[in-house]
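This report walks through one protein model, part by part. Please look over the sequence and the structure before reading on.

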Amino acid sequence: MKRILVLAIVGAAALLILPLYLNGQSSEPYQGWVEADLLFVGPETAGRLKTVAVAEGDAVSGGGPLFALDDTAARAAVAAKEATLAALTAQHALTVAAQKRPEEITILEASERQAEAQLSLSVQELNRMQALARSGTATRANLDAAIAAEAANRAALDSIRGQVALAALPARAETIRQAEETMAAAKADLAAARDTLDRLSTKAPADGTVQTLYYRPGEVVPAGRPVVALLAPDAVRIRFFVPETAIAGVALGQTIRMRCDGCQPMQGRVSFIAAKAEYTPPEIYSLEERAKLVYRVEAIPAEPAKLRIGIPVDVELAPVESR
């Protein structure tokens, strides 16, 4: 009778434990720790660190200032590009304006009026000579001289009028286009110089907490080397390992429950499951060696700001809801 009772108790216990294994659960929690991917922020170009606007432990907002390199040379380059653009802009204005100054145009207009008066006088003289020639009083030589004088004065007037019209015109279209292209190139150079100046002042790419400062003001920072390490709240992860025998019961989005020393129990959801085992046996996968296979799993905690990086945690997987 006692033997039957013992067998019944063992069988009942097996029935209780079996669903846990079928659902990928274990009676023991999985071991893991709190992990985070830090943002390492550094300059794009080498330079001497001028200022650091944050300290270790400070909370920063995205777009807030972090540090700045010495910008003396960059500011001088911007000033030079601005002066070049100003000179080219003035030159372009002269190109599209009249070729002569207003005072010069006034002188040409006065010469035009003088030429008109001389032409009017020569026309009157020619008419008089033609009348005298018809009456036989003037000689042929006098008539020819009057005709030549009238033609010369008319040509002089046409020349002056052409000069006045040309003085009011801008430069040739090719010259204007060349000035415009030169000015556009100067604008592009100025924009590049200003961009280089702006990049010497680095801002936070996201909200976070300053974890480490690697350089101090006055030190030379190589290009690409981090100056500040930031911890963003959404970069905190729970990393733990699940045995090969239970990985089939783990799914993306599955709820986890975690505990750690000195913190309140917290929930999370599975965000990553490794496709390959972390540890493999040296030779063949025997039944005994399979137990050594574990898979890395990561989960996003519900309240990442309450966790400390590197602290050990115990993780339990909630049962996967059937669909």
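## A glycine in a loop

G253 is partly exposed, because its relative accessible area is 45%, between the 20% and 50% limits of that class. The residue belongs to the loop that runs between β10 (236–243) and β11. The model is a predicted one.

Apart from residues up to four places away in sequence, G253 touches R269 and V270. A299 lies 46 residues from G253 along the chain, and the C-alpha atoms of the two are separated by 8.5 Å.

## The chain as a whole

The protein chain has 323 residues, of which 30% count as buried. Six helices and 14 strands are found in the protein chain.

Among the contacts in the protein chain with a separation of 6 or more, 76% are between residues 24 or more positions apart.

Strand β11 covers residues 255–260 and strand β12 covers residues 266–273; the two pair in the antiparallel sense over four bridges. One of the pairs places T255 with R269 of β12 as its bridge partner. R269 is also one of the residues touched by G253.

Together β11 and β12 make a hairpin, with five residues between the strands. In the turn, G262 has a positive phi of about 80°. β12 also pairs with strand β13 (residues 294–301), again in the antiparallel sense, over five bridges. There, I273 stands opposite V297 in β13.

## An open sheet of four strands

Another set of strands forms an open sheet, with four members in the order β6-β5-β3-β8 and antiparallel pairing. Its edge strands are β6 (201–203) and β8 (220–221), each of which pairs on one side only.

Strand β5 takes in residues 65–69, and three bridges link β5 to β6 in the antiparallel sense. Across this pairing, P65 of the chain stands opposite K203 in β6. In general, strands of a sheet pair through backbone hydrogen bonds, either parallel or antiparallel.

Strand β7 (residues 208–213) pairs with strand β4 (residues 59–60) in the antiparallel sense over two bridges. In that pairing, V60 has G208 in β7 as its bridge partner.

β7 is also joined to strand β9 (residues 228–231) by four bridges, and β7 and β9 run antiparallel. T212 stands opposite A229 in β9.

## Helix α5 and L197

Helix α5 spans residues 173–199, 27 residues in total. From its first C-alpha to its last, α5 reaches 39 Å, close to the 39 Å expected at 1.5 Å a residue. The buried residues in α5 include I176, A179, M183, A186, L190, A193 and L197.

What is the relative accessible area of L197? The value is 14%, and L197 therefore counts as buried, the limit being under 20%. L197 lies in helix α5, and its contacts beyond neighbours within four places in sequence are with D71, A74, R75 and V78. D71 is 126 residues from L197 in sequence, yet their C-alpha atoms are 6.6 Å apart in space.

## S122 in helix α3

Helix α3 runs over residues 102–135 and includes S122. S122 is buried, because its relative accessible area is 6%.

Which residues does S122 contact, leaving aside neighbours within four places in sequence? They are A149, E150 and N153.

## The largest pocket

Rolling a probe the size of a water molecule over the atoms shows where empty space is left. In this model, the largest pocket holds about 260 Å³ of space.

The lining of the largest pocket is made by T209, Q211, L231, A232, P233, V236, P304, A305, K306, L307, R308 and I309. By type, the lining residues divide into eight nonpolar, two polar and two charged. T209 and Q211 in this lining fall within the range of strand β7, residues 208–213. L231 is also in the lining, and strand β9 covers residues 228–231.

How values were computed:
Residues numbered from 1 in each chain as written. Predicted model: local features only at pLDDT ≥ 70, side-chain atom pairs only at ≥ 80, totals over all residues. Heavy atoms only, no water. Pairing = 2+ DSSP bridges. Expected span 1.5 Å × (residues − 1). Buried < 20%, exposed > 50% of the residue type's maximum accessible area, 1.4 Å probe, protein only. 1 Å grid on protein atoms, 1.4 Å probe; cavity = no way out; pocket = protein on both sides within 12 Å on 5 of 7 lines; lining within 4 Å. Points joined across faces, edges and corners; volume = space filled by probe spheres on them. Nonpolar A, V, L, I, M, F, W, Y, C, P; charged D, E, K, R; others polar. Contact = heavy atoms within 4.5 Å.
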